[in-house]
Amino acid sequence: MSDGHCHLPPLALLRLQSWLSPAFPTGAYSYSHGLEWAVEAGHIHDRETLVDWLQADLCYGSGRNEAIFFHEAWRCTTDDDRLQLFEAAELAAAFRGTAEFALESSQQAAACLVTLRQVWPDRVLDWLSETLCERDVKPALAVVLAVAMARQEVPASLGLSAFLQSYIANLITAGVRLVPLGQTDGQLAIAELERAVHTASRQAEKSTIADLGSAAFMVDLASAAHETQYTRLFRS
């Protein structure tokens with residue numbers, strides 16, 4: 001779907017904004033994705049190093065994988081392919097480099113899924129929740145949001161870009177608190193990462209599960225080191 005034909009049904013845009021808003025009760029504010037350790041170790045100390053770190057994660061690390069899982073789940077939901085959807089959700093739950101990354105994804109996803117089912121009931125979300133519970137598989141945030149957006153007929157190109165933007169914006173907010181940076185620097189960082197968000201989204205749309213992988217090893221090391229960090233503000 002081209003940018004010029006990215007039409008949304010009535011209410012879909014409002015719901016998309018609600019689900020990706022900081023006010024949506026997923027607890028995203030309590031996770032830093034390893035940034036807390038990277039700041040303490042001196043790898044991140046200003047806006048430039050924060051942007052470099054997040055761009056690497058988005059284009060080559062866990063952010064890239066989240067984008068692929070999102071697009072795969074969106075495609076399976078649109079095609080009503082529940083077998084492939086469950087397989088993608090199961091792989092997404094297992095595809096975590098550290099225990100804290102697993103916690104970060106599953107706890108946000110569980111909170112998101114509960115709220116979506118209560119406020120915007122949907123039979124596919126009900127099926128996903130019940131199937132994951134029956135098979136003792138933790139939900140993944142990218143998969144849950146992709147299913148919800150596909151059911152609202154949000155185009156993949158728009159939904160994926162919005163999801164990645166919210167992913168990055170939450171981590172920049174953590175960086176603003178940790179470095180610390182001013183609010184203007186935070187907004188500049190978001191603006192500087194727009195091209196990376198767009199590129200990661202486009203690449204994920206052309207990718208499949210077979211393309212999963214990470215080359216941002218420092219992000220995983222930061223998360224592992226955070227598990228034993230002496231003083232912490234964040235859960236990851």
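Is glutamate 72 buried or exposed? In this predicted model, glutamate 72 is buried, because its relative accessible area is 9% and the limit for a buried residue is under 20%. The residue belongs to helix H4. Beyond its neighbours up to four places away in sequence, glutamate 72 touches Gln84, Ala88 and Ile209.

Two packed helices are described by the angle between their axes and the distance between the axes. Helix H4 spans residues 62-78 and packs against helix H9, residues 156-178, at an angle of about 150 degrees, with 10 Å between the axes. The two helices are therefore roughly antiparallel, as angles over 145 degrees are counted. Their crossing is right-handed. On the H4 side the contact is formed by Ser62, Gly63, Glu66, Ala67, Phe70, His71 and Trp74, which meet Ala156, Gly159, Leu160, Phe163, Leu164 and Tyr167 of H9. By class, eight residues of this contact are nonpolar, four are polar and one is charged.

Helix H3, residues 47-60, also packs against H4, with an angle of about 40 degrees and axes 4 Å apart. That angle makes H3 oblique to H4. The crossing of H3 and H4 is right-handed. Here Asp57, Leu58, Cys59 and Tyr60 of H3 meet Ser62, Gly63 and Arg64 of H4. The contact comprises three nonpolar, two polar and two charged residues.

The largest nonpolar core has 75 residues, of which Leu35, Leu54, Val143 and Leu145 touch the most other members. Helix H9 supplies the largest share of this core, with twelve residues. Apart from neighbours within four places in sequence, leucine 145 is in contact with Trp19, Leu20, Phe70, Cys112 and Phe163. Two of these contacts, Phe70 and Phe163, also take part in the packing of H4 with H9.

The loops hold several backbone features of note. Most residues other than glycine have a negative phi, and most peptide bonds are trans. Aspartate 80, which is not a glycine, has a positive phi of about 55 degrees and lies in the loop between H4 and helix H5 (82-94). Glutamate 153 likewise has a positive phi, near 65 degrees, and is placed in the loop between helix H8 (141-151) and H9. Glutamate 153 counts as exposed because its relative accessibility is 58%, and the limit for exposure is over 50%. In the loop between H9 and helix H10 (183-192) lies proline 180. The peptide bond from valine 179 to proline 180 is cis, with omega near -10 degrees.

Conventions: Residues are numbered from 1 along each chain as its sequence is written. This is a predicted model: local features need pLDDT of at least 70, side-chain atom pairs count only at pLDDT 80 or more; totals for chains, interfaces and linings use all residues. Side-chain values use heavy atoms; hydrogens and water are left out. Axes are lines fitted to C-alpha atoms, for helices over the stretch in contact, and angles run from 0 to 180 degrees between N-to-C directions. A crossing is left-handed if the near helix is turned anticlockwise from the far one by less than a right angle, and right-handed if clockwise. Contact means heavy atoms within 4.5 Å. Ala, Val, Leu, Ile, Met, Phe, Trp, Tyr, Cys and Pro count as nonpolar, Asp, Glu, Lys and Arg as charged, and the others, Gly among them, as polar. A nonpolar core is a set of buried Ala, Val, Leu, Ile, Met, Phe, Trp, Tyr and Cys residues joined through side-chain atoms within 4.5 Å. Buried means under 20% relative accessible area, exposed over 50%, partly exposed in between (1.4 Å probe, protein chains only). Angles under 35 degrees count as roughly parallel, over 145 as roughly antiparallel, 65 to 115 as roughly perpendicular and the rest as oblique.
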